[in-house]
Amino acid sequence: KTIELYMHDFDIYMIALFFSTLGAYILIKNNGNFLKQSLSVIPFFISLGLYPAYIQVGIGILMIYIILDLLKNKEKLAVILKRGFTYIFFLLIGLILYFIGTKLSIKVFNIDISNKYNSVGNIKNINNLNVILHSLKLTYTGLASFYFKINIFNKKVMFFLNMILGISGIYFVIKLIRENKLNIRSVLTLILVFALLPFGLNLSCFLSGGISHMLMRYSMTLLYILYILLIDMYSSNIRKNGSNKKLIKSFKTLALILS
């Protein structure tokens with residue numbers, strides 16, 4: 001039913017997804033080159049114009065990249081933080097251009113902005129602390145329900161698998177923190193990024209006043225990618241320490257089975 005419902009917009013969704021990912025790629029590929037990174041604003045702006053919710057995919061990719069940088073512990077924390085703030089800056093520029101473009105389009109074409117359901121016009125309703133807190137609550141619980149109130153046939157199996165993924169994912173993060181000898185400041189920064197990850201992956205829910213549906217939650221699947229990357233990083237550490245290949249293979253097999 002979901003496929004039939006959104007099929008007529010499928011091409012637009014995929015183009016929006018492509019440009020959101022492209023924006024993240026430009027930022028990551030050109031770390032340290034502010035001028036080249038500024039080009040990311042263009043694909044972010046296009047993605048937002050086509051389907052705003054898919055900007056969350058670009059945000060998620062960038063946050064995962066920062067998490068991996070912190071866990072590797074190969075750069076100074078100040079360098080990683082500067083990189084993160086640069087990502088935020090260009091994302092905000094893309095959002096600002098999108099809102100300016102929306103305002104101009106309304107005036108040029110003499111149309112009214114929609115205030116129904118999860119439309120962009122709902123942003124103006126986030127105008128007091130109670131609404132903000134309510135939207136924030138739904139943003140975080142929405143991510144939890146995506147994994148633990150699964151909207152598929154065999155809910156119990158998926159719930160069980162996601163529990164294993166979550167617990168083992170935390171285990172790999174703790175092991176990487178210890179083995180790569182992260183200092184307390186890096187650990188606290190890592191915890192902060194993880195805490196903000198649900199907000200980044202479900203930003204459209206917050207901006208629409210707590211409204212969210214499955215199509216808007218596509219970005220949440222990036223946590224499975226993060227899990228695979230954590231196992232890959234941990235396997236690399238095992239290989240460097242000279243541990244046996246069977247252990248490495250078992251971890252990668254686990255990732256394939258569970259993901």
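## A tour around helix 5

Start with helix 5 and helix 6, which run roughly antiparallel to each other. Angles over 145 degrees count as roughly antiparallel, under 35 as roughly parallel, 65 to 115 as roughly perpendicular and the rest as oblique. Here the two axes cross at roughly 175° and come within 10 Å. Axes are lines fitted to C-alpha atoms, for helices over the stretch in contact, and angles run from 0 to 180 degrees between N-to-C directions.

Select the contact between them. Helix 5 brings I55, I59, L62, Y65, I66, D69 and L70, and helix 6 brings L77, I80, R83, G84, Y87 and L91. Contact means heavy atoms within 4.5 Å. Sorted by type, the residues of this contact are 10 nonpolar, 1 polar and 2 charged. Ala, Val, Leu, Ile, Met, Phe, Trp, Tyr, Cys and Pro count as nonpolar, Asp, Glu, Lys and Arg as charged, and the others, Gly among them, as polar.

A word on the model. It is predicted, so local features need pLDDT of at least 70 and side-chain atom pairs count only at pLDDT 80 or more, while totals for chains, interfaces and linings use all residues. Residues are numbered from 1 along each chain as its sequence is written, and side-chain values use heavy atoms, leaving out hydrogens and water.

**Zoom out.** The chain has 12 helices and 0 strands. Helices (H or I, at least four residues) and strands (E, at least two) are DSSP runs, numbered from the N terminus. Of the 259 residues, 42% are buried. Buried means under 20% relative accessible area, exposed over 50%, and partly exposed in between, with a 1.4 Å probe and protein chains only. Among contacts with a separation of 6 or more, 71% join residues 24 or more positions apart.

**Next, helix 11.** Select residues 55-72 (helix 5) and 222-240 (helix 11): they pack at about 20°, with axes 11 Å apart. That makes helix 5 roughly parallel to helix 11. Their crossing is right-handed; that is, the near helix is turned clockwise from the far one by less than a right angle. On helix 5, pick V57, G60, I61, I64, I67, L68, L71 and K72; on helix 11, pick L222, L226, L229, L230 and M233. This contact of helix 5 with helix 11 holds 11 nonpolar, 1 polar and 1 charged residue.

**Into the core.** Which members of the largest nonpolar core touch the most others? Among its 57 residues, they are Y51, Y54, L62, L71 and L190. A nonpolar core is a set of buried Ala, Val, Leu, Ile, Met, Phe, Trp, Tyr and Cys residues joined through side-chain atoms within 4.5 Å. Several helices supply at least two residues each, including helix 2 (10-29), helix 7 (129-148) and helix 8 (155-179). Helix 5 gives the largest share, 11 residues.

Center on L190, in helix 9. L190 is buried, at 1% relative accessible area. Beyond its neighbours within four places in sequence, L190 contacts I67, L70, L71, V173, I177 and L182. Its C-alpha is 8.6 Å from that of I66, 124 residues away along the chain.

**Last stop: two loops.** Most residues other than glycine have a negative phi. N73 has a positive one, near 55°. Find N73 in the loop between helix 5 and helix 6; N73 is partly exposed, at 28%. K181 also has a positive phi, about 55°, and is not a glycine. Look for K181 between helix 8 and helix 9, again in a loop. K181 is exposed, with a relative accessible area of 70%.
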